[in-house]
Each structure stands twice: as structure tokens, then as C-alpha cells.
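Please consult the sequence and the structure shown here while reading.

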Amino acid sequence: MVSSAVALGLTVLTLVAFAALGIWYSRGRSGSVDDFLTARNSVGERRTTATMVASVMGVWILLAAPEAGAGFGIAAVVGYAIGEAVPMLAYSRLGPRVRELLPEGHSLTEYAHARYGSAMYGFVVLVSALYMFVFVAAELTGIAGALSLVAGVPQWQTAVLVGGFVLLYTGYGGLRATIVTDTVQAVLVLPLLALVVGGVVLTLGGPTAVYQGVVEANPTLVDPGFLPGLQFGLGLAFAILGAELVNQTWWQRIYAGRDSETVARGFRNASVLNAGLVFVAALLGVVAVGHADVVTDVTSSAYNADVAFFVLLQSAFGEWILLAVVLLALLLVVSSVDSLFSALASLVTADLPRLLADPDDRTLRLGARVFTVVVAVAAVYVSLRARSVLRLFFFADLLGAAVAFPLVYGLYSRRITGLGALASSLGGLAVGLAYFPDLRCMLAAVPGLGSLLPPADPLYLTSFAGAFLVSTGLALVAARVSGGTFDFDSLADTGSVKVADGGTDRAE
């Protein structure tokens with residue numbers, strides 16, 4: 001086990017370095033609220049790719065991804081990788097469309113309000129904010145649990161340190177601070193992950209020995225045709241696609257890119273890199289089952305698949321690998337949490353003008369910072385009580401799967417209305433909840449509802465795919481029967497935060 005003092009010292013040193021970098025770089029560069037929120041038209045292709053990779057690669061890739069691999073094998077590993085690639089490919093087409101229709105926009109909620117009206121806007125705000133909050137809480141849960149397991153660091157110390165330092169530089173520098181730290185984190189994460197994976201394979205005796213260990217422990221994990229694994233992997237693909245389409249993190253980067261082509265190429269590059277990273281990370285869970293005492297029965301009190309990779313490291317590897325993993329985990333959690341804090345700040349700041357009478361820049365910045373502090377404190381609290389990172393994501397994923405297609409369909413269809421989009425989303429959500437296993441006890445307790453519920457799907461495919469496909473089908477029907485003819489030109493002025501000096505055309 002790594003010394004608690006060493007792990008804590010490495011944690012503080014890493015956090016101080018990134019906080020200093022973010023504050024130094026953003027000094028004098030965020031002259032307006034618009035620039036604070038979007039860093040509009042300022043980022044070139046390589047930095048766009050780097051921030052997209054760093055933003056999605058949270059510490060969950062060492063926790064939730066291996067947990068999926070440990071429980072459901074290679075089929076789930078492939079499904080997870082595809083699930084991370086598809087949203088980036090979708091954004092490579094959606095990004096230029098958003099820039100074309102809403103050139104002065106800032107957030108997906110601004111678009112939802114302008115395109116669909118107040119009711120759908122309220123639902124999208126709820127879904128997007130909840131998803132990002134759960135993501136932050138899951139990241140803090142993951143890093144706190146990992147350092148507790150590997151080095152015995154109290155979880156509250158890790159959660160408070162990470163949340164506090166990240167809040168410091170994102171609250172000061174906004175998206176510019178986030179993007180520059182993302183770039184450095186991406187450059188460091190890729191070789192560190194390669195080092196860790198290579199060290200694992202070599203220590204276990206090479207690829208053949210690794211494979212044989214898994215086969216002896218559970219041969220279904222390396223069977224690509226293992227039906228439960230296929231079902232779980234496909235369910236994950238639907239869940240991740242839906243969730244990422246309501247993630248404000250990506251809408252910010254649509255505007256940060258230098259131009260539409262830069263944005264499209266950045267997302268395409270990220271789709272390949274993200275898929276590869278998640279595939280490797282999830283595969284570590286499969287390896288862990290073959291070479292460590294990993295309990296995958298979620299009903300067992302000894303369940304530890306959510307930290308399968310760390311169980312493997314703790315049981316078989318030296319301190320140098322554990323220190324590398326601690327640093328890797330820190331880089332991963334900081335790279336995603338700073339993006340989420342910036343996204344949450346932009347979400348509330350872009351919406352404040354609808355609640356306040358002509359607020360100035362100072363009021364908007366203050367509102368963003370206060371809201372982000374509240375979210376950070378709440379996320380730390382939740383992180384200290386959560387058990388499974390993977391299942392912490394699932395409810396938020398379900399909401400995203402239900403609302404994703406009706407939300408983005410309005411970028412292409414003139415006929416779908418706010419009522420049609422909201423009804424489609426709620427219909428998909430109802431189907432998803434009916435099969436969702438994690439809330440079964442709560443739903444069954446509702447008088448008259450329990451007897452009507454179908455059997456829960458423990459593999460989540462029916463739940464996630466049902467929510468996404470039903471909402472998609474209902475949205476297509478709603479558009480077909482609607483008499484609406486929305487004027488896309490009316491979106492051009494969307495952007496509730498109006499500043500005289502917002503944006504810049506200088507690519508970095």
C-alpha cells in the first residue's frame with residue numbers, strides 16, 4: 001500500500017500545479033461573460049481534440065469501465081467503447097449545425113427555450129443539470145474511494161481537496177482555464193495509462209498468461225457472444241449516447257472551436273481516442289477477475305467490482321505502479337470535474353437573464369460562482385455516501401436517453417413542437433423507468449403501480465434502449481402529425497447573455 005502521506009502530498013502538489021496553471025493562463029483573457037462561458041472561436045484543432053478527450057476521460061474509466069468489464073466481459077467492453085465513440089461522431093455533425101443556427105448561443109438550455117418554449121426548457125434544465133451533478137459526484141466518489149483503498153487517505157479529505165482546488169481555477173478563469181489544463185492533462189494521461197497497462201501485463205506474465213487467468217476464472221468474460229454481456233454493452237451504448245447529448249460540456253466546446261470545420265474534426269478525432277481509451281480501461285476489469293479476488297455479485301456485501309482494477313493493483317503490484325495510478329486517477333478526475341464545473345457555471349449564467357432584470361457582467365459572474373460552489377459542496381456530500389460509481393450514473397443516463405433525440409431533432413425538423421418534444425421525452429422516460437431495476441422498490445411502493453410494472457431488466461438494455469427508441473419514435477410521430485412550421489432564422493439571435501466585446505477570432 002502507498003503511504004497516506006505520500007499519496008496526499010502527490011494529490012496536493014498536482015492540484016496546486018493545475019490551479020496555478022489555470023489561474024495564470026486565464027489572467028486578462030476572460031474580459032467578458034461571453035468569453036468566460038465559451039472562449040468563443042479561440043481554440044484550434046489540436047487543443048479542441050485534447051479538451052474533448054480530457055473532459056470525457058474522468059476517473060470513471062478506472063472504476064465504472066472496469067466494473068462493466070468485470071461483470072459482463074468483452075462484449076460489454078466493446079459496447080462501452082462504441083458508446084463513447086458514437087456521441088462524439090454525432091457532435092461532429094451537430095456542432096456545425098448548432099453554430100450555423102445559433103451563432104451567438106452559449107448553452108443547450110438557451111436553445112431549448114428558443115426552440116421549444118418554457119415547458120421543454122424546464123425539463124432540459126433539470127435533466128442536464130442533474131446529469132452533470134451526478135457526474136461530478138461520481139468522479140469525487142471514485143477518486144475518494146480509490147485513494148482510500150490504495151493509500152488509506154480518508155475519503156472526505158480527497159473529495160474536499162479535489163473539489164476545492166478545481167473550483168478555485170474554474171471559478172476564476174472559466175472555460176479558458178479549463179481548456180488549457182485539459183490540454184496538459186490529455187498529454188499526461190495517455191502515456192501514463194499506457195505505462196500502467198504495460199506494467200500490469202508484464203507483471204502478470206504477458207498477454208498469454210493474462211488471457212489464461214481470465215479463462216480459468218470465468219471463460220464467459222472472454223466470449224464475444226456472451227448474451228448478457230452483449231445486452232449490457234448495447235444498453236450502455238444507448239445510455240451514453242443519450243446522456244452526452246444533454247451534456248453542456250460539449251455545447252461549450254462547439255462555440256470554443258475556431259470554426260465549424262475545427263469543431264467537426266476535433267469531435268471526430270476524439271471519437272477514435274475516446275473509444276480506444278475506454279476499451280483498454282474496461283478490459284482491465286476483465287483482467288482483474290482473472291488475477292485478483294473480485295466479487296461481481298452486486299447483492300453481496302463483499303461486492304468490489306466497482307474498484308476491480310485497484311483490487312488487482314493492490315494485490316499484485318509494487319508501489320511504483322500504485323503511485324503512477326494515483327497520479328493517473330488525479331489527472332483523470334481533475335480533467336473531467338473542471339469541465340463539469342465550467343459547464344454548470346455556463347448553464348446558470350446563460351439562464352440568469354431570464355430571472356433577473358438586465359444583470360451586468362459582475363452579477364452574472366457572481367451568480368455562476370455561487371451556484372458552482374453550492375453544486376461542489378453538494379457533490380462532495382453525495383460522494384461520501386455513494387457506493388457504486390457505475391450505478392450512480394445510470395439514473396442520470398436514463399433521463400438523458402429519454403430526452404436526447406427530441407431535443408436535437410428540433411435542429412433539423414421544423415414541424416416538431418415544444419409540446420411534442422416534451423410528450424415524447426416523458427413517454428420514453430416512462431418506458432425506461434418501467435424496466436429500470438435500481439428504482440424498482442420505490443416504484444413498486446406507489447399504490448396501484450406495482451402490479452402494472454413489467455419485470456425489471458437487470459442488464460438495463462430494455463430500460464435504456466426503450467427510453468431512447470420510444471422517445472425517438474414518438475418525436476417522429478409528433479412531428480408528422482404536427483402543423484408546426486418553425487422558423488430556424490429566429491434562432492440566430494438566441495443568446496441571453498449579450499455583451500459588446502464577447503468572443504475573439506484568435507485561435508490558440
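## Aromatic pairs and helix packing

Phe72, Phe232, Phe394, Phe395, Phe436, Tyr460 and Phe464 are joined into a cluster by ring pairs, where rings of Phe, Tyr and Trp (its six-membered ring) pair if their centres lie within 6.5 Å. The model is predicted: local features need pLDDT of at least 70 and side-chain atom pairs count only at pLDDT 80 or more, whereas totals for chains, interfaces and linings use all residues. Residues are numbered from 1 along each chain as its sequence is written, and side-chain values use heavy atoms, with hydrogens and water left out.

Across the whole structure, the search finds 19 aromatic pairs. Two of them are listed below; planes under 30 degrees apart count as stacked, over 60 as edge-to-face and the rest as tilted.

| Pair | Centre to centre | Angle between planes | Class |
|---|---|---|---|
| Phe238 and Phe468 | 5.7 Å | 50 degrees | tilted |
| Phe486 and Phe488 | 6.0 Å | 70 degrees | edge-to-face |

Helices here are DSSP runs (H or I, at least four residues), numbered from the N terminus. Phe238 is buried at a relative accessible area of 18%, and Phe468 is buried at 11%; buried means under 20% relative accessible area, exposed over 50% and partly exposed in between (1.4 Å probe, protein chains only). Phe486 and Phe488 are both buried.

Helix α5 (residues 74-101) packs against helix α11 (residues 248-256) at an angle of about 55 degrees, with the axes 10 Å apart. This angle makes α5 oblique to α11, because angles under 35 degrees count as roughly parallel, over 145 as roughly antiparallel, 65 to 115 as roughly perpendicular and the rest as oblique. Axes are lines fitted to C-alpha atoms over the stretch in contact, and angles run from 0 to 180 degrees between N-to-C directions.

From α5, Met88, Tyr91, Gly95, Val98 and Arg99 meet Trp250, Trp251, Ile254 and Tyr255 of α11, contact meaning heavy atoms within 4.5 Å.

Ala343 belongs to helix α14 (residues 319-351) and is buried, at 0% relative accessibility. Apart from neighbours within four places in sequence, Ala343 is in contact with Met132, Gln248, Thr249 and Gln252. Between Ala343 and Ser260 there are 83 residues in sequence and 20 Å in space, C-alpha to C-alpha.

Conventions: Helix = DSSP H or I, 4+ residues; strand = E, 2+ residues; numbered from the N terminus.
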